[in-house]
Amino acid sequence: MTHLPAATSAPSEQSFSREAGRETAMAKDILGEAGLHFDELNKLRVLDPEVTQQTIELKEECKDFVDKIGQFQKIVGGLIELVDQLAKEAENEKMKAIGARNLLKSIAKQREAQQQQLQALIAEKKMQLERYRVEYEALCKVEAEQNEFIDQFIFQK
């Protein structure tokens, strides 16, 4: 006899669970239209669980993107620092080259000035040599005259 009441109670339980399921579905539809949803733990949420999941995924993707951007900025910062260092070194080498070129020009000008001074000194020495030669010739004449005078003086005595 225990089977009979169980058989009779089963259809009423099934109809009750069907009605409860319909009511739950209707409640979910009404709440869904109002913008309220149930999650997998049957907690009431303002957002649709699918939208919530997409939001979480988007948040994770954004975090990954921000991390990658941070790594990119570090790499670019290192590259910029390296390029700045190379630019400074290139500028220093350029200044050294300009200084060496100016020094070379200065040395060339100094040599040219020294050459002109030496040429002027040579010209001055040539003029002095010519004066000494003329003076020597004059002294040779005077000596010859004096020797002749001495010879005449000796012969006259």
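Welcome! The tour starts with 1 aromatic pair, counted when the ring centres of Phe, Tyr or Trp (its six-membered ring) lie within 6.5 Å. Select Phe149 and Phe153: their ring centres are 6.4 Å apart and their planes meet at 20°, so the pair is stacked (planes under 30 degrees apart; over 60 is edge-to-face and the rest tilted).

A word on what you are viewing: this is a predicted model, where local features need pLDDT of at least 70, side-chain atom pairs need 80 or more, and totals for chains, interfaces and linings use all residues. Residues are numbered from 1 along each chain as its sequence is written, and side-chain values use heavy atoms, leaving out hydrogens and water.

Next, select helix 2, residues 49–156. Phe149 and Phe153 sit 4 residues apart in this helix, about one helical turn. Phe149 is exposed at 55% relative accessibility, while Phe153 is partly exposed at 45% (buried is under 20%, exposed over 50%, partly exposed in between, with a 1.4 Å probe and protein chains only).

Stay in helix 2 and pick Glu61. Glu61 is exposed, with a relative accessible area of 51%.

Now zoom out to the whole chain and colour by secondary structure. You will find 2 helices and 2 strands, in the order α-β-β-α along the sequence; helices (H or I, at least four residues) and strands (E, at least two) are DSSP runs, numbered from the N terminus.

Finally, how many of the 157 residues count as buried? The share is 1%.
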